[in-house]
Amino acid sequence: MIGNLDIAILQQLWWLIASVVGSLFLMLTFVQGGQTLIFTTAKNEEEKSLIINAMGRKWELTFTTLVLFGGALFAAFPLFYATSFGGAYWVWMLILFTFVMQAVSYEYRKKPNNVLGARTYEIFMFVNGSVGILLIGAAVGTFFTGSRFTLNLYNQVTWATPFHGLEAALNVFNLAFGLFLVFLSRALGAMYLVSHVDHEALVRQARKAAFINLVWALPFLLTVLYGLVTMDGFAVDPATGQVTLEQGKYLHNLLGMPAVLVLLLGGLVSVIYGVVATSFLGKKCGIWFGGLGTVLVGLAIFSLAGYGNTAFYPSLTDLQSSLTIYNASSSKFTLTVMSYVAIGVPFVLAYVAYVWRVMDSKQLSLAELAGEDSKKMY
Amino acid sequence: MGNDLLATVNWSRAQFALTAMYHWIFVPLTLGLSFLIAFFESIYVKTGDESWKKLTKFWMTLFGVNFAIGVATGIIMEFQFGTNWSNYSWMVGDIFGAPLAVEGIFAFFLEATFFAVMFFGWQRASKGFHLFSTWMVAIGSNLSAVWILVANAWMQTPTAMAFNPDKARFEMQNFADIALSPNAVHKFTHTTSSAFLLASLFVMGISGLFLLQKRHQLMAQRSMVVAATLGLVASVFVAFNGDESAFHIAHRQPMKLAAMEGLYTGQEKAPVVALGLINLAKQPGDDLPAFHQEVKIPGVLSLLANRDFNSYVPGINDLVYGNPQRAIVGAQQRMVSGRIAVAELSRYKEAKKSGDAAGAAAALALFNQNKDDLGYGYLSSPEQAAPPVALTFYAFHIMIALGTLFPVIFLAVLWFAFKGTLDSQRWLWWVCFAGLFLGYVASQAGWVVAEVGRQPWAIQGLLPVGVASTNIAASSVQATFFIFLALFTALLIAEIGIMVKQIKIGPEA
């Protein structure tokens, strides 16, 4: 059945699957956002612990989604995996270091004799939520602004700058994208707290924080949107595979794929409504709108980069080295096998959702933190 | 190979070895302890005895501390294929990426999702669902091991793929053949059963400590008996599939087998070296003795390799220089055709680029005749085809010696428990405590055999590590190596600090 599909369809399907996983990751970065709220929104140790324990129930889901995003890209677009990870070495390494730091921090922060001290683990969490997300944003930004690399006849990458990816963080568009994600994740984290924590003062502060971070996010969002509709883009001729610079390429993509425009605008409206509902309407469900909106925005961004005859990982040094979903993908056989595997994904989503419901049916309270299992809490 | 490239490759290898060995400190305990905890909790749910719940929670705390750092050291394992081995990622990503993605979809989510229930669901989920979640974490952890081991097995014994010269990469031909290859099955069973063994030793070691300190004696004895039972069963499996592994290595990676036993000259009735001191000056092709001192048992290596005491086992020299009498084509000869393959591939790519169809066809025909030796074309000398012998030999023999000792410890514990005198065997508690550390030594040694023994290949016979790495300055890799070293060491010290404290606090907390 799947085996009869044209390879181009499979390539588009896998770009969609990777986009969905990437967008879900962006939604789940409410955990990272929450981690950065411990120094601003929490006013005392108790509130800090509530935030950390609320996020601590979900951090692994975010982490695993990131790992899956990497795995899906490796399986479906190995040339991207090889080119970007090997080339933009330092960006990815720094991102990884922050996730290494995060992975131990929840478990170790409150444990006696943890050597580095609780404060260190809190700083680890903050670094993961700020630097980690900023660099992820900068890396995604290069899908539009391009990188300096060449591929030889064997598709081996040579990076043209000695900074190996760090130069991405110096580009205004990439930087704005990264900062937008940082503040978006903070707003999401605050909305998550409002819905999941039973603590009047903290919830009040989180309602405020959601709005403040949205306001902070706006100038960066506008910078990104302005950049997207005005910048030159990397167009691919579907017949020859030749890559050329096209003026207003992403604007053309938006207009040429109205569904993407709807995703983008609908997503942004949903996020804004989520924040407004949380901050001004006294609602607890804002995170659902915020989360859904983030997924939609993510899908729009990845679609703009990969669909509409666009090179999703452009090379500024040698246009013809640019990666498209067609030249960077796995073989038809592998994409077909992986498509069969992907049929299992709804099943995974179903049990994740079920467990989420079981675990979140009751809000987290100080009483629970001090209860029978207090020693096991984060 | 330029000096900087050589340095890059070596630092990348060092980084991979460092991160993999750190990761492997924590993973086997996760794999085995998760099942032990599931057993403990099952007994609690079945009997309703609160002391079993307390026991479950104690081991769960240690599990959590260990699990976190296992996750922390694990993320780099996936991504450094891209960051440090980008040529590898492109050349075999079509095959290698799929198991990693499957692992993410089917195993990691199982672990991550149910982990939260296991730790924070005592009050939020029903007793039955909690137990179910604990089992799911155990199954999920072990499923994670399946897929990465499938990928590793494929690197050691590549199968079910074809080289696509237009893309300059290998492409998958059959997923089932890769997932179910004999080497994948052995690797998985050997690795997971050795992880159960290590976890059993861990539980027995800490229980032994409690008994020595006269603390939590009932819990310690209970834990010890459950662990010794699992450990004994695991030992039998480890030995059985270890033997199967050796048989397969003999046929798919004969060089590795020769290095494991320091066998330079092939022979019939080939011996295993029970005890040996390797001559470090020995090189392939020279006349020096391979050992300063050794105690050999004749015929046993032939038996392991071919199920026949009298059979012939090739040595390192035969595999490097060839042995026409035995119809062994050595690395030396394969390098000749390998170089043709490399040159013709290059000619093919150039001809395609310049639109020379006839030239491309001619080059491709020659390439196809020689492509099975492609990897050898990148070697600069035939001696490069041999792995570091001393390291492989010692690691293998340490693993075997310890693997023989462990079942004796398990049997002793079960024997005294059966007689009802486990509570008075002070010497055995000490042995159990020492066993905790020895389990880690054996486990690490096993991976050293597997990974050092397959050098110089990233993909056996097809892609040497020197071609697999990323084209990046050695200084960058050196820097990340030291960052990992510092970060992982700090986290390991923290982990041990927390573990020791939790063990001091004990199950009463």
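A:Val236 stands opposite A:Val243 in strand S5 of chain A. Strands here are DSSP runs of E with at least two residues, helices are runs of H or I with at least four residues, and both are numbered from the N terminus. This is a predicted model, in which local features need pLDDT of at least 70, side-chain atom pairs count only at pLDDT 80 or more, and totals for chains, interfaces and linings use all residues. Residues are numbered from 1 along each chain as its sequence is written, with chains lettered from A and ligands numbered from 1 in the order in which they are written.

Back to the hairpin. S4(A), residues 233-236, and S5(A), residues 243-246, run antiparallel and are joined by 4 bridges; two strands pair if DSSP finds at least two bridges between them. There are 6 residues between the strands, and in this hairpin A:Gly241 takes a positive phi near 80°.

Is S4(A) covered on one face or on both? Both: A:Gly233 and A:Ala235 on one side are buried, as are A:Phe234 and A:Val236 on the other. Buried means that 20 or more other C-beta atoms lie within 10 Å of the residue's own, exposed means 12 or fewer, and partly exposed is in between, with C-beta atoms placed from the backbone.

Next, helix H4 of chain A. Of its 18 residues, 18 are buried. The expected span is 1.5 Å times one less than the number of residues. For H4(A) that gives 26 Å, and the end C-alpha atoms are 26 Å apart, so the two agree.

A:Cys285 lies in the loop between helix H11 (258-279) and helix H12 (286-306) of chain A. Why does A:Cys285 count as partly exposed? Because it has 14 C-beta neighbours inside 10 Å. Leaving aside neighbours within four places in sequence, A:Cys285 is in contact with A:Ser195 and A:Ala277. Contact means C-beta atoms, placed from the backbone, within 7 Å.

Now the two chains together. In chain A, 64 residues are in contact with 66 residues of chain B. H6(A) supplies the largest share of chain A's side, 12 residues. That side divides into 40 nonpolar, 16 polar and 8 charged residues. Nonpolar covers Ala, Val, Leu, Ile, Met, Phe, Trp, Tyr, Cys and Pro; charged covers Asp, Glu, Lys and Arg; the others, Gly among them, are polar.

Conventions: Two residues are in contact if their C-beta atoms, placed from the backbone, lie within 7 Å.
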